[in-house]
Amino acid sequence: MKVTVVGAGAVGATTADNIARKQIVDEVVLLDIKQGVAEGKAMDLMQTASLEGFDTKIIGSTNDYAKTAKSDVVVITSGLPRKPGMTREELIGINAGIVKGVVTQILTHSPKAILLIVSNPMDTMTYLALQVAQSMGVNKKRVIGMGGALDSSRFRYYLSQAMGVSQGDLHANVIGGHGDTTMIPLTRLATWNGIPASRFISKEALAKVAADTMVGGATLTGLLGTSAWYAPGIASCSMVEAIIRDEKRIVPASVSLNGEYGQKDICLGVPVVLGRNGWEKIVNYRLNKEEQAAFAKSADAVRNMNNVLSTLSI
Ligand SMILES: NC(=O)c1ccc[n+]([C@@H]2O[C@H](COP(=O)([O-])OP(=O)(O)OC[C@H]3O[C@@H](n4cnc5c(N)ncnc54)[C@H](O)[C@@H]3O)[C@@H](O)[C@H]2O)c1
Ligand SMILES: O=C(O)C[C@H](O)C(=O)O
């Protein structure tokens with residue numbers, strides 16, 4: 001099995017590192033447009049193999065897509081990250097052209113690949129990738145956006161801090177858009193090993209956990225001067241693992257909706273079952289009225305961003 005990671009920057013290299021250490025596939029190709037960077041990071045990572053105890057082969061490539069041929073899964077992280085004070089949406093002008101070009105090249109060499117889109121603004125980049133992929137005959141179930149997996153891990157982090165319990169005992173998911181104002185941490189459904197979290201902390205504390213989760217990426221960008229990579233890297237890796245190992249895990253991810261959750265012609269975060277065929281099924285959380293309204297509002301904002309695509313010369 002073979003995975004390609006496009007973009008050998010912070011998130012791409014961290015994703016490749018995790019995939020190699022977990023020995024999910026035989027071969028990882030790391031591709032970047034910057035001369036020598038992917039080869040350098042691949043060599044650096046390969047020099048951790050005897051220390052980490054893995055046999056995964058990691059190959060670097062400066063924009064040579066022939067090396068990515070016949071990949072089973074391709075993670076697309078190429079593009080600019082935001083700086084403090086920016087929104088993810090402000091990246092659309094530069095990242096749309098990058099994502100469109102990369103998806104075209106990747107599918108030319110790996111027509112059967114499952115695409116995992118990470119570049120921001122992620123829901124719109126997933127929608128764009130889907131349009132390109134469908135024009136090349138790819139099934140919609142092979143195009144998946146990574147956002148909810150990361151946002152949910154941040155939700156569990158903030159919840160564990162507020163409750164003083166282990167993150168591993170928490171089930172808490174985020175749906176909707178991967179944006180500071182569009183994500184929806186589902187506090188009503190958050191549980192501590194099956195028991196509603198609302199039984200253990202106040203309504204106000206739970207609302208603060210949700211608010212902190214929504215700006216989790218912005219908080220890190222403010223601290224780091226660029227956006228985060230450790231949690232995004234392992235979140236991407238965990239989705240690759242679920243696909244390659246056909247785990248049938250439920251993961252919130254941005255996928256093409258056709259009436260589910262009341263939306264059409266959009267890619268937005270919903271719980272999906274991940275397996276060897278990509279996103280295999282959308283799970284219905286049975287949202288209440290308030291949650292459904294938040295989801296519709298989130299969809300409106302993402303749709304406005306999708307409409308910007310037609311104004312760009314890409
Ligand atoms: N969806 C998420 O949850 C999530 C999480 C973190 C970051 N991101 C996004 O991921 C992207 C990457 O973030 P990062 O921190 O790794 O940035 P980075 O700047 O460290 O790395 C980006 C890499 O992409 C490369 N690149 C640019 N154009 C390319 C092209 N045409 N072909 C191949 N490579 C190209 C650059 O040379 C660079 O090495 C950003 O858009 C960021 O906003 C998304
Ligand atoms: O915050 C960002 O811009 C990067 C990413 O989307 C994240 O949530 O870490």
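**Figure 1. Ligand 2 lies between two domains of a predicted model.** Domain 1 (2-146) and domain 2 (148-311) both give residues to the shell around ligand 2, so ligand 2 lies between them. The domain bounds come from an automatic or database domain assignment. The shell consists of P81, R82, R88, N120, L150, H178, G217, T221, S227, A228 and P232. A residue counts as near a molecule or strand if its C-beta atom, placed from the backbone, lies within 6 Å of it. By class, 4 shell residues are nonpolar, 5 are polar and 2 are charged. Ala, Val, Leu, Ile, Met, Phe, Trp, Tyr, Cys and Pro count as nonpolar; Asp, Glu, Lys and Arg count as charged; the others, Gly among them, count as polar. Residues are numbered from 1 along each chain as its sequence is written, while chains are lettered from A and ligands numbered from 1 in the order in which they are written. The model is predicted, so local features need pLDDT of at least 70 and side-chain atom pairs count only at pLDDT 80 or more, whereas totals for chains, interfaces and linings use all residues.

**Figure 2. Ligand 1 is surrounded by 36 residues.** The closest are G9, V11, S78, N120 and P232. Helices (H or I, at least four residues) and strands (E, at least two) are DSSP runs, numbered from the N terminus. The largest share, 4 residues, comes from α4. The shell around ligand 1 has 19 nonpolar, 14 polar and 3 charged residues. Ligand 1 lies between domain 1 (2-146) and domain 2 (148-311), because both give residues to its shell.

**Figure 3. Domain 1 meets domain 2.** The domain assignment of the protein chain gives domain 1 (2-146) and domain 2 (148-311). Their C-alpha centres lie 21 Å apart. Across the boundary, 41 residues of domain 1 are in contact with 40 residues of domain 2. Contact requires C-beta atoms, placed from the backbone, within 7 Å. On the side of domain 1 that touches domain 2, the elements giving two or more residues are α1, β4 (73-76), α4, β5 (114-117), α5 (122-135) and β6 (143-145). By class, this side has 23 nonpolar, 7 polar and 11 charged residues.

Figure 4. Over residues 1-145 the chain is 40% helix and 19% strand. The end C-alpha atoms of that stretch are 21 Å apart. Residues 150-304 are 43% helix and 25% strand, with end C-alpha atoms 23 Å apart.

**Figure 5. β12, β13 and β14 pair through antiparallel bridges.** Strand β12 (residues 249-258) pairs with strand β13 (residues 264-275) over 10 bridges. Strands count as paired if DSSP finds at least two bridges between them. N258 has K264 in β13 as its bridge partner. The β12 and β13 hairpin has 5 residues between the strands, and G259 takes a positive phi near 105° there. β13 also runs antiparallel to strand β14 (residues 278-282), joined by 4 bridges. Here V272 has I282 in β14 as its bridge partner. The hairpin of β13 and β14 has 2 residues between its strands.

**Figure 6. An open sheet of 3 strands has the order β7-β10-β11.** The pairing is antiparallel. β7 (170-171) and β11 (195-196) are the edge strands, each pairing on one side only. β7 pairs with strand β10 (residues 191-192) over 2 bridges. H171 stands opposite T191 in β10.

**Figure 7. Two loops carry backbone exceptions.** Most residues other than glycine have a negative phi, and most peptide bonds are trans. The N120 to P121 peptide bond is cis, with omega near -5°. P121 is found in the loop between β5 and α5. Q23 is not a glycine, yet has a positive phi of about 50°. Q23 lies in the loop between α1 and β2.

**Figure 8. Confidence of the prediction.** The protein chain averages a pLDDT of 98, and 100% of the residues score at least 70. pLDDT is the predictor's confidence in each residue, from 0 to 100. The complex receives an ipTM of 0.99 and a pTM of 0.98 from the predictor.

Terms used. Contact = placed C-beta atoms within 7 Å.
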